[in-house]
Amino acid sequence: MGKKMDFDHMKLIRQYAGGHRHLITLGRCIAALSAILVLIPYYDLWKIISIAVNGEDTSRISHYAWQAVILTVSALLIYIAALMCTHIAAFRVQANMRSSLMRRILTLPLGVFDEDGTGKIRRTVNDSTAATETFIAHQLPDKAVATITPIGLLVLVFAFDWKIGLLCMIPALIGFACMMTMMGKGMQEKMKEYQNALDTMSSEATEYVRGIPVVKTFGQTVHSFKRFKSAIDGFGKWTTDYTLILRWPMTAFMTCINAIFAFIVIAAFLFSKDGVTAGLILNIMYYIIVTPLITVALTKVAYSGEAEMTLIDALRRVESIMEIEPLENRNTGKVPADHSVELRDVTYRYKDALRDAVKHVSLRIEPGEHVAIVGPSGSGKTTLAELIVRFFDVSEGEILIGGVNVKDLPSEELMRQVSFVFQDSRLIKKSILENVRMAKPDATEAEVMDALKKAQCTDIIEKLPNGIHTVIGEKGTYLSGGEQQRITIARAVLKDAPILILDEATAFADPDNESRVQAAFDELSKDKTVIMIAHRLSTVVHADRIYVCDDGQCVESGTHDELMQSGGLYRKLFDEYSRSINWKVGA
Ligand code: ADP
Ligand code: MG
């Protein structure tokens with residue numbers, strides 16, 4: 001992490017800009033040129049004042065006035081041209097960043113996209129690239145202006161009267177030094193903390209809003225959302241700390257910058273001892289006009305530093321996604337011999353976790369077998385299912401499909417072999433047709449209809465205003481959990497993969513729905529290798545074999561009858577389950 005503290009952000013931007021990087025350079029140069037042009041009218045102004053004070057030929061006034069007007073307008077036009085260059089480059093950088101990110105994201109293990117990860121990735125793809133775009137389009141040319149302007153002003157100030165110029169420089173330089181202390185490395189860290197605090201707060205806020213129904217139905221108070229509150233407190237504390245750190249440097253900076261004016265008055269007194277000449281008055285009047293510009297210019301430099309810190313943070317976020325290890329794909333061209341699934345001594349530990357979620361699990365499922373995995377919550381069932389489809393790669397051991405290690409299968413082949421229906425398989429905000437068709441993009445409407453029928457969705461389609469063309473989640477079209485579940489089953493039916501993994505897929509179904517969902521599953525499971533993870537133990541009774549997980553290990557296996565007889569963990573779970581739903585065994 002440490003080495004990334006001072007990574008070369010401009011180099012990274014140039015990389016993303018590709019051929020457009022010259023436009024960035026051009027834009028910055030043109031912006032600098034406009035900054036110089038803007039300063040020349042101040043010389044004209046000095047000339048005009050000087051003509052007036054010295055009673056010279058007043059006809060020259062209009063010459064200087066016109067020169068000032070023309071230069072100001074040209075400077076403005078040139079500045080616009082600069083902005084155009086940087087904008088074109090900025091849009092290109094943003095587009096390149098987003099497409100690199102998206103290409104990278106496609107190669108990442110699916111496990112990266114858990115609820116937490118998805119939000120972070122979405123924010124990075126949207127916000128961090130947008131921040132980079134803004135920086136290149138606006139802050140880079142402004143930074144060129146901000147750097148050139150104080151230099152130009154300095155030249156002006158010294159050109160007319162170096163003694164007064166020198167006096168004015170004292171507060172300006174002290175102010176600049178104060179500003180530099182505010183922009184140090186420590187502040188970059190602070191900026192990162194700021195972004196993190198903001199991130200935490202926004203994800204906790206989402207969590208909080210999601211939890212409101214729970215709060216209401218269980219009559220709890222908002223205080224049960226301690227994490228949200230502590231996120232807000234954390235953010236508040238950060239803001240206070242930050243403000244306190246900046247209090248003295250900022251006060252000093254503002255004081256110095258605004259003190260320039262006072263210094264001019266002092267200068268006027270000092271130098272008037274030698275006699276008040278028209279030239280002195282002229283210069284003092286001139287400095288009264290010009291020196292506030294130094295203030296403005298220096299403040300701009302200060303703000304450009306802040307923008308740069310935001311940019312560095314944004315780029316780091318982008319790079320942190322680009323650095324996630326993609327799924328290794330060996331593409332050996334091996335083809336699964338059959339539809340069996342085998343786990344050989346599989347162990348898996350989540351990143352940063354202290355213990356293994358799955359420990360030394362070995363099992364073999366023959367083609368066409370229907371097996372169930374049961375066990376207490378947290379025993380590693382979902383992890384096991386996710387490992388088979390390479391949400392993550394095993395830490396130890398291997399997983400074989402049809403005798404081929406899943407790492408040796410191209411991901412398209414793996415996806416062709418396996419369908420999975422998870423409890424929270426989500427529908428996207430598109431029509432039912434498109435939702436189901438995701439499983440097989442070239443499917444005809446008739447095939448989709450057939451899949452929906454097999455998945456027992458006919459009643460759902462009938463009650464929707466536009467049938468399968470109804471967009472879910474729009475204009476009050478709402479599907480219950482069980483109904484959504486059946487649509488996702490239709491997806492799996494359409495895909496027709498030979499191996500099927502169902503993770504607590506019936507947990508959602510209300511009693512009314514359950515028999516339909518069950519019928520849909522029976523249809524889906526025909527002639528397939530099925531691994532079903534189930535809470536409702538009523539659904540596993542007829543499985544060819546049941547594996548019982550406990551604390552990451554597979555502790556028992558056998559048919560329902562065998563396991564009931566042996567009186568182990570399964571028996572205990574089953575008795576508990578029967579009691580909880582008052583379900584009559586054998587009835
Ligand atoms: P089950 O599906 O049987 O309820 P899981 O496979 O979801 O169990 O979880 C097994 C263990 O792994 C649990 O201890 C859980 O806390 C942990 N776990 C699950 N998902 C993650 C994750 N994304 N990161 C870290 N630990 C996780
Ligand atoms: Mg689970």
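Start by selecting phenylalanine 235, which sits in helix 7 (residues 226–272); helices here are DSSP runs of H or I, at least four residues, numbered from the N terminus. You're looking at a predicted model, where local features need pLDDT of at least 70, side-chain atom pairs count only at pLDDT 80 or more, and totals for chains, interfaces and linings use all residues. Residues are numbered from 1 along each chain as its sequence is written, and side-chain values use heavy atoms, leaving out hydrogens and water.

Now show what phenylalanine 235 touches: leaving aside residues up to four places away in sequence, you'll get Tyr194, Ala197, Leu198 and Met201. Contact means heavy atoms within 4.5 Å.

Next, colour by domain. Domain 1 covers 2–322 and domain 2 covers 341–582, with bounds from an automatic or database domain assignment. Their centres, taken over C-alpha atoms, lie 53 Å apart. Zoom in on where they meet: four residues of domain 1 contact six of domain 2. About 340 Å² is buried between them, 65% of it from carbon and sulfur atoms; that is accessible area (1.4 Å probe) lost on putting the two parts together, summed over both.

Last stop: select helix 1 (residues 9–17) and helix 2 (residues 21–54), whose axes come within 7 Å and cross at roughly 125°. Show Met10, Ile13, Arg14 and Ala17 of helix 1 with Arg21, Ile24 and Arg28 of helix 2 to see the contact.

Technical notes. Chains are lettered from A and ligands numbered from 1 in the order in which they are written. Axes are lines fitted to C-alpha atoms, for helices over the stretch in contact, and angles run from 0 to 180 degrees between N-to-C directions. Helices (H or I, at least four residues) and strands (E, at least two) are DSSP runs, numbered from the N terminus.
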